[in-house]
Amino acid sequence: MARNLSVLEVLLIIFFLTILALDIFLMLLVLGNPSGRSFVPECPDIPESERIDCVPGHVVTENVCRWVYKCCWKPVTHTGAPRCFFPRNWGYKVGKRQNDTTGFTAKLKRLPTPSLFGYDVPDALFAADYQTSNRFHFKITDMDSKRYEVTLENIDLLDRTPKTSNLNYHVEVINEPFSFKIIRTSNKRILLDTSIGPLQFAHQYLQLSFRLPSTSVYGLGEHVHQQYLHNLTWKTWPIFTRDATPTKGMINLYGAHTFFLCLEDTSGSSFGVFLLNSDAMEVILQPAPAITYRTIGGILDFYVFLGNTPEQVVQEYLELIGRPFLPPYWSLGFQLSRRNYGGINGLRKVVDRNRGAGIPYDVQYSDIDYMEGGKDFTIDKEAFPRLEDFAKDLHGQGMKYVIMMHPGILNDSKYQPYETGSEKRVWIWQDNEFAIGQGYPGLTVFPDFSNPVCIEWWREQISEFHKTLEFDGVWIVSCYSR
C-alpha cells in the first residue's frame, strides 16, 4: 500500500520539476537563437581564484550555464567562487586604432557572444590619455549613442606630459579578445591586466575586471570596514550611497568612494584606481588577486595614479578630484544634533543642561523640524518663536549654531524660493519640464547644481535667510521623505 507523501517531499518534487521545466525552456530558447548556437566557449583550466562570474546574482544549473549563457562550468571548493564563469573568448575585439602624441583611441567591436542582460553596445570606443607622467586616463564609451558622463571640474588639462618618453608607465593592448595591461616602466611590473575577464558593455550593465600585482588593497566605500586592509576572499561591496546606520555587515553607507589603492611590494611603490561614475555599482574582490567594477549606467571612465609611496598616490588622486577644504577650527569641536527637541523650549533645556553639567560643548544643531512645513528658508514661528534670539544667545556663550537644509524646494508658485528659482530656470528638467518628486514639504523640484546660475541662486537664498537667522553652518541633507 502506497504511503502519503509529506509536505516537504511534495515541495521538493515541485521544486525539481520547476527547475527541469526551466532548463527545457531555456534550452529551447537557445536552439531558436542562431547566434547562440554558433558561439563555442573556450574553457581552459582557469584557476578557481581567477574566475569571473558569468551570472552574477543568479543561481543556475550546469545546463543553463553551458547551453543558455554559453559559459564555463566547474565545481568549486570555496562557496564564494563562481561555478559558472566567463570563457576566454568573450567580449570585444579591436578594430581601427589611431595614435597621437598624448594617447590613442581604438574602436571596439563586440564579439558574437550571447547577451547576458540584453541591449549590448555593439560598437564601443576605447580612448587612452597620457595626462601626466604618473596619471593615466582611459574611458570606454558607446560610439553610436551619447551616454551620461560625470564632469570633472578640477582637472587641469594644461598640466600634461605629452612625451611618452617621460611616462612612468606604458600600455599594452591585446586585440582579440580586447584587453590591456598597464605596466610600470621602471621595473616592468604589470599593475593592471584586464585579460582576467571580458569587457561587458550593455545599456544598463557595464563591467571591467583587473588582475592586481598584490593582495594589499585599501580604499572603497563608504562601508563599515573592520580593518583598512581588504579581505579578498570573494567579497562584494555595494556602492549605492544609502543613508544607513553604520552597523556590522557589508551594507553601503552615506558616501560613494570608488577609489582603491594597491601597495605593490615592501618598497612602498603603489598605484590607485578611480572610476568616475555616479550610477549605482558594486565592486568585487577575489583572491587572484583581482577586482571587478560593475555599474548600471553611464560610461567606464577610469583614472590610474602611480606613486613611489601611498602618500604620493593619494596626492595624485587629490590633484585630480580636488583637495579637501580647510574646515573652520570650531567645526572640530563637540557637537550635538537630533530630530525633534520639542520646540524652542526643549532646545534651550538641552543646551542649559549640558552646559550646567560642564560637558564640553561647541556646536548645537537644529534639524528640519525648525522649518515651517519642511520648507527651506522658513521658520516655524509657533514651535520655534524667536529662534533668532536663541542663535544670538549661543554666540554669546562662545558656541556655534548649525541648521539643516535639504535641496528640495516646494512646488508652489506662492513660495518665494520656488518663484525666483523658476524665473531663473534652475531646476532639474525631465521631458521638457521641471522634474517633480516627493520631498519633506510635499511635491518638490530639485536645484540643478551643475548649472552656475543655480549655484548663484542658492547662494542668494542662503545669504538672504542668514539676515533673519544668524547660523554658522548648514548641513545639507537628502531631500526625500520616508
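C84 is buried, its relative accessible area being 3%. The model is a predicted one. The partner of C84 is C65, and the two form a disulfide with an S to S distance of 2.2 Å. The link of C65 and C84 is right-handed, with 95 degrees about the S-S bond. C65 is buried as well, at 0% relative accessibility.

The search of the whole structure gives 3 disulfides, listed here.

| Disulfide | S to S distance |
|---|---|
| C43 and C72 | 2.0 Å |
| C54 and C71 | 1.9 Å |
| C65 and C84 | 2.2 Å |

In the disulfide of C43 and C72, the S-S bond has a value of -90 degrees about it, and the link is left-handed. C43 sits in the loop between helix 2 (34-38) and helix 3 (62-68), and C72 in strand 1 (residues 72-73), so parts 29 residues apart in sequence are tied together. C43 is partly exposed, because its relative accessibility is 38%, whereas C72 is buried with a relative accessible area of 1%.

C54 and C71 form a disulfide with sulfur atoms 1.9 Å apart. This pair links distant parts of the chain, 17 residues apart: C54 is in the loop between helix 2 and helix 3, and C71 in the loop between helix 3 and strand 1. C54 and C71 are both buried.

Counting bonded cysteines along the chain, the disulfides follow the pattern 1-5, 2-4, 3-6.

Two further cysteines can be noted. C262 counts as buried at 0% relative accessibility, and C454 counts as buried at 0%.

Methods: Residues numbered from 1 in each chain as written. Predicted model: local features only at pLDDT ≥ 70, side-chain atom pairs only at ≥ 80, totals over all residues. Heavy atoms only, no water. Disulfide = S-S within 2.5 Å. Helix = DSSP H or I, 4+ residues; strand = E, 2+ residues; numbered from the N terminus. Buried < 20%, exposed > 50% of the residue type's maximum accessible area, 1.4 Å probe, protein only.
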